[in-house]
Amino acid sequence: MPTPSLAHLPIRRLTLRDLTACADLSEDRRWPREEHKWGFLLSAGKGYGIDDPDGGLVAACVVTEYGTWGRPELGAIGMVLVAERHARQGVGRRLMRHVVAAMGTTPLTLHATPNGRPLYEELGFKVTGRAEMLIGHFTTAGPQSGVATRAATAEDLSSILRLDEEVFGADRTPLIARLPAFADRLHVAEDGGRLVGYAAAWPNMDTHVVGPLIARDTETAKALITSLAAHTDRPLRTDIDVRHEELLTWVKERGLASVAFNSVMTYGITDLPGDWTRRFAPLTVAAG
């Protein structure tokens with residue numbers, strides 16, 4: 001039988017059984033395999049993909065929904081990948097149109113690379129901000145913050161969820177509740193017994209990614225990064241909202257170097273909900 005054309009290959013939901021195929025797709029596009037992250041996103045979100053009749057995946061992406069169960073208030077799109085052999089044939093556009101239609105009236109957001117941005121603009125996404133990706137070995141030189149930080153405990157989870165929803169602007173319980181198992185370290189910052197920030201460091205290939213980073217102010221964000229860095233010998237990676245200029249200057253002084261900029265884009269809303277002044281870095285750009 002003749003092989004179906006790309007335009008007629010069905011789009012289906014992905015599951016954890018597709019983890020290896022998703023990692024293979026990442027590797028095909030010269031991305032890290034990121035199996036740990038793929039597993040997390042496929043568990044917390046909805047994966048969409050197109051099977052290749054010759055094996056593997058033609059394309060894939062993940063949508064993470066936030067808000068009331070069954071009535072999401074925001075959807076974050078990430079890990080949009082098309083196999084090299086099928087690139088520039090409209091597959092990514094078709095997959096994105098399917099996802100946008102499936103989400104109905106739910107507002108959407110994503111972090112776009114310079115290469116991906118034209119496609120998303122064609123689909124109606126608007127640039128509302130930028131994030132700077134930084135990587136490097138963190139050094140603790142310089143004055144230490146007076147903000148109190150410690151490892152989070154199970155008793156902190158309800159407070160973390162309340163703070164996260166207040167800052168992010170939507171309930172992210174399915175994502176944040178998985179953090180203790182996903183991350184190697186989860187720390188909180190306190191003031192007078194009140195939780196004023198939290199951050200995680202999770203393993204991604206040979207780095208530890210700092211995210212999410214939610215903090216009352218820049219000094220609290222600095223203290224959380226410092227406390228996480230004290231427990232790893234790996235390079236740190238994080239994606240910081242460019243409006244947080246003081247924090248960006250500080251992490252660069254301590255060894256992190258800028259490697260890329262991504263555009264933060266939205267669809268159906270003019271700006272992201274919540275309080276950006278306390279939202280310093282996402283858990284991962286793939287999940288907003």
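**A friendly note on this predicted model**

1. Let me begin with the inside: one cavity of 30 Å³ or more is found in the structure. A cavity here is a set of points, on a 1 Å grid over the protein atoms alone, where a 1.4 Å probe fits but cannot get out. Grid points are joined across faces, edges and corners, and a volume is the space filled by probe spheres set on the points. The largest cavity comes to about 300 Å³. It is lined by 23 residues, and the closest to its centre are His-111, Asp-241, Val-264, Leu-272 and Arg-279; a lining residue has an atom within 4 Å of a point. Two or more lining residues come from each of β5, β6 (126–136), β11 (236–241) and β13 (279–281), and β6 gives the most, with four residues.

2. A word on the ground rules. This is a predicted model, in which local features need pLDDT of at least 70 and side-chain atom pairs count only at pLDDT 80 or more, while totals for chains, interfaces and linings use all residues. Residues are numbered from 1 along each chain as its sequence is written, and side-chain values use heavy atoms, with hydrogens and water left out. Helices (H or I, at least four residues) and strands (E, at least two) are DSSP runs, numbered from the N terminus.

3. Next, the largest pocket, with a volume of about 1,200 Å³. A pocket is an open set of points with protein on both sides within 12 Å along at least five of seven lines. Of its 40 lining residues, Trp-31, Val-80, Leu-81, Thr-113 and Gly-116 are the closest to the centre. At least two lining residues each are supplied by β4, α3, β5, α4 (117–122), β6 and β12 (257–267). Strand β4 contributes the most, six residues.

4. Strands β3 (residues 57–68) and β4 (residues 71–82) run antiparallel and are joined by nine bridges; two strands pair if DSSP finds at least two bridges between them. Within this pairing, Ala-76 in β4 stands opposite Thr-64. The hairpin of β3 and β4 has two residues between the strands, and Gly-70 there takes a positive phi near 85°.

5. On to strand β5 (residues 108–112), which runs parallel to β4 and is joined to it by three bridges. Leu-110 in β5 is the bridge partner of Ile-77. From β4 the chain crosses through helix α3 (residues 91–102) to β5 in a right-handed β-α-β crossover. Right-handed means that, with the strands pointing away from the viewer, the path from the first strand over the helix to the second runs clockwise.

6. Some backbone values deserve a look. Most residues other than glycine have a negative phi, and most peptide bonds are trans. Met-79, in strand β4, has a positive phi of about 55° although it is not a glycine. Met-79 counts as buried because its relative accessibility is 6%, with buried meaning under 20% relative accessible area, exposed over 50% and partly exposed in between (1.4 Å probe, protein chains only). Arg-30, in the loop between α1 (19–28) and α2, also has a positive phi, near 65°, but counts as exposed at 67% relative accessibility. The peptide bond from Gly-211 to Pro-212 is cis, with omega near 0°; Pro-212 lies in strand β10 (residues 207–215).

7. The loop between α1 and α2 also holds Glu-34, which counts as buried at 5% relative accessibility. Beyond its neighbours within four places in sequence, Glu-34 is in contact (heavy atoms within 4.5 Å) with Met-79, Asn-204, Met-205 and Arg-237.

8. Finally, the cores. A nonpolar core is a set of buried Ala, Val, Leu, Ile, Met, Phe, Trp, Tyr and Cys residues joined through side-chain atoms within 4.5 Å. The largest has 38 residues, of which Trp-38, Tyr-66, Leu-175, Leu-179 and Tyr-198 touch the most other members. Helix α2 (residues 35–44) gives this core its largest share, five residues. Seven of the ten residues of α2 are buried, so the helix is largely enclosed by the rest of the structure. Leaving aside neighbours within four places in sequence, the contacts of Tyr-66 include Pro-72, Ala-76, Phe-168, Leu-175 and Ala-287. A second, separate core of 25 residues has Ala-223, Ile-225, Leu-228 and Ala-281 among its members.
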